[in-house]
Amino acid sequence: MSQPNWLQRMFTPKDVASLLAEQASNPDALKRSLGAFDLIIFGIGAMIGAGIFVITGAAAVGGSGHPGAGPSLVLSFLLTAIISGFCALCFAELGAMIPLSGSAFAYIYASLGQFPAWLVAWALVLEYAVGNMAVAVGWTATFQAFLKQTFHVNLPDWLCRNTLDTVTDLAAIPASGVLSVTPFKLPLVDQSYYLLVQAGFNLPSIITMMVVTWLLVLGISESARSAMVMVLIKAGVILLFVGVGLWYLLNGHWPVLEANWFEHGMKTFAPNGIQGILAGAGLIMFAYIGFDAVSTVAEESKNPQRDLPVGIAGALLVCTVLYCLVAVVVTAILPLQHISIEAPVMGVLQALGMPWATWVIGLGTIIALSSVLLVFQLGTVRVFYAVAREGLFPKNWAKVHPTFKTPHVATIASGILVALGGATLPINLLAEMCNLGTLAIYAIVCVAVLILRKTQPDLPRPFKVPFGPVIPVLGLLGCATVMAGLPALSWMLTLLWFAVGIIIYSVYLAKSAL
């Protein structure tokens with residue numbers, strides 16, 4: 001039989017029945033030990049992180065090329081929850097039908113073929129690696145605020161600020177002049193000098209990611225019990241923060257909410273109208289990254305056909321309620337111009353002047369963000385390791401350490417990549433790029449549901465998205481709408497990311513054709 005040509009290899013789907021048969025006959029198959037409650041906990045643990053603790057401030061305030069949502073950020077959260085809900089139902093149908101590890105990568109391979117699956121894998125790297133850069137930026141800002149408020153220790157701003165944080169348009173930077181930098185006055189010779197001196201370098205981000213990389217090289221095992229403890233810490237921190245904020249408002253400070261939300265009517269509540277709400281939705285999609293992670297443990301679910309839909313929907317519902325409550329507290333207590341872009345939770349606590357709450361919630365937030373750094377980086381390494389093992393990336397990235405039994409090359413290389421990005425790039429840009437990659441994955445999954453219903457209508461579907469093609473189409477349109485509202489620079493860099501991915505895949509095709 002002749003070998004398939006390059007075009008056939010790119011777009012020939014893998015038969016779902018054969019995929020399931022391979023998994024069933026695998027002697028190293030994963031143990032099925034997770035129930036519906038375990039999956040809900042896993043989903044909440046994956047979702048709660050930098051999105052709620054950090055991106056809330058950036059979405060409310062806005063930035064260059066990104067209008068802020070203001071108090072209408074609550075509507076942004078609800079809009080994103082609805083769109084995510086449509087996509088979650090599509091993930092649930094495919095996860096119940098194709099209960100394999102790999103999540104979207106496996107689904108797309110089964111419905112669209114190798115090349116679309118590779119693009120999804122490359123988008124997953126964008127989701128995890130670039131997303132982790134944004135988490136690292138938020139970790140530094142939270143840690144800096146915690147030290148200042150709790151121990152009165154002030155880390156130098158230039159040591160904790162990202163290199164490109166204050167640079168939005170190089171053409172607007174003056175070609176000469178004098179800037180006051182740290183304790184010195186240094187001449188601004190040109191734009192490159194401005195980037196190196198005025199904008200700073202986020203050293204804590206570098207150190208934190210190096211510690212995470214070292215831990216992952218040594219090897220870390222995670223269990224449902226440890227996941228439960230971490231979720232309880234995260235949820236406890238959020239509930240305590242919401243409780244403190246609501247207590248403050250109800251204890252004679254309700255006029256603060258009225259002033260911050262409705263002083264000038266809708267102009268105060270939604271300062272940038274529908275554009276701000278859509279831009280906010282585009283940014284806080286970052287907070288919803290993770291519900292799809294439930295489908296990555298399909299092979300470890302006792303009854304994936306029943307439990308995956310419950311786990312995905314349950315995690316999404318719980319997190320949406322928590323997110324909206326945090327958005328209400330942050331935007332109600334502080335005027336828009338006083339909300340911290342990188343550490344909104346700590347900013348509110350500083351304004352309230354509650355030392356005990358600052359200590360407990362601040363420490364809990366740092367722990368929560370640290371766990372997200374670890375999990376996201378673990379996901380990054382797994383993707384790189386998997387594609388390298390398939391020959392789609394340098395083979396040495398799939399090497400396993402002889403002592404620690406971990407993919408140390410992929411771990412160290414990706415750790416350096418994330419550390420440098422987290423030390424130099426602005427948090428808005430990182431979150432927006434991550435969201436574009438994630439939204440692309442969600443949109444493709446919606447398309448996969450429609451395609452598989454046409455191409456393989458007889459496959460058993462233990463769970464089926466209701467209302468025919470309506471919800472997958474709404475999910476696809478919702479993702480496209482939010483993506484369209486994100487800034488042009490984020491689009492350019494994300495398209496460049498995918499262009500690099502296409503080049504890598506082309507090299508793979510050329511090598512396999514020899």
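Axes are taken here as lines fitted to C-alpha atoms, for helices over the stretch in contact, with angles running from 0 to 180 degrees between N-to-C directions. The structure is a predicted model, in which local features need pLDDT of at least 70 and side-chain atom pairs count only at pLDDT 80 or more, while totals for chains, interfaces and linings use all residues. Residues are numbered from 1 along each chain as its sequence is written, and side-chain values use heavy atoms, with hydrogens and water left out.

We can start with the overall picture. The protein chain holds 21 helices and four strands, where helices (H or I, at least four residues) and strands (E, at least two) are DSSP runs numbered from the N terminus. Of its 514 residues, 54% count as buried; buried means under 20% relative accessible area, exposed over 50%, and partly exposed in between (1.4 Å probe, protein chains only). Among contacts in the protein chain with a separation of 6 or more, 82% come from residues 24 or more positions apart, contact being defined as heavy atoms within 4.5 Å.

Next come two helix pairs. Two packed helices are described by the angle between their axes and the distance between the axes. For α5 and α20, the angle is about 135 degrees and the axes lie 8 Å apart. The two helices α5 and α20 are therefore oblique to each other, given that angles under 35 degrees count as roughly parallel, over 145 as roughly antiparallel, 65 to 115 as roughly perpendicular and the rest as oblique. The crossing of α5 and α20 is left-handed, a term used if the near helix is turned anticlockwise from the far one by less than a right angle, with right-handed used if clockwise. On the α5 side, the contact involves Ile83, Phe86, Cys87, Leu89 and Cys90; on the α20 side, Ile471, Pro472, Leu474, Gly475, Gly478, Cys479 and Val482 take part. By class, ten residues of this contact of α5 with α20 are nonpolar, two are polar and none is charged. In this scheme Ala, Val, Leu, Ile, Met, Phe, Trp, Tyr, Cys and Pro count as nonpolar, Asp, Glu, Lys and Arg as charged, and the others, Gly among them, as polar.

The second pair brings together helix α7 (residues 114-151) and helix α16 (residues 344-352), whose axes come within 9 Å and cross at roughly 20 degrees. That angle makes α7 roughly parallel to α16. The crossing in which α7 passes α16 is left-handed. Thr142, Ala145, Phe146 and Gln149 of α7 make the contact with Met346, Leu349 and Gln350 of α16. The contact of α7 with α16 divides into four nonpolar, three polar and no charged residues.

Helix α5 (residues 73-97) also contains alanine 88, which counts as buried at 6% relative accessibility. Not counting residues up to four places away in sequence, alanine 88 touches Phe291, Ile312 and Leu316. The C-alpha atoms of alanine 88 and valine 465 are 9.6 Å apart, although the two residues are separated by 377 residues along the chain.

Another buried position is glycine 276, with a relative accessible area of 0%, found in helix α14 (residues 273-288). Leaving aside neighbours within four places in sequence, glycine 276 is in contact with Pro67, Gly68, Ala69 and Ser76. Glycine 276 is 206 residues from glycine 70 in sequence and 7.8 Å from it in space, C-alpha to C-alpha.

Histidine 408 lies in helix α18 (residues 408-424) and, at 19% relative accessibility, counts as buried. Its contacts, with neighbours within four places in sequence left aside, are Val217, Lys399, Val400 and His401. In helix α12 (residues 254-262), the buried residues are Leu257, Asn260 and Trp261. These residues cover an arc of only 90 degrees around the axis, which puts them on the same side of α12; the arc is that of the directions from the helix axis to the C-beta atoms.

Histidine 152 is not a glycine, yet has a positive phi of about 60 degrees. Histidine 152 sits in the loop between α7 and α8 (157-160) and counts as exposed at 66% relative accessibility. Phenylalanine 467, also not a glycine, has a positive phi of about 65 degrees. The loop between α19 (427-455) and α20 (470-484) holds phenylalanine 467, which counts as exposed at 64% relative accessibility.
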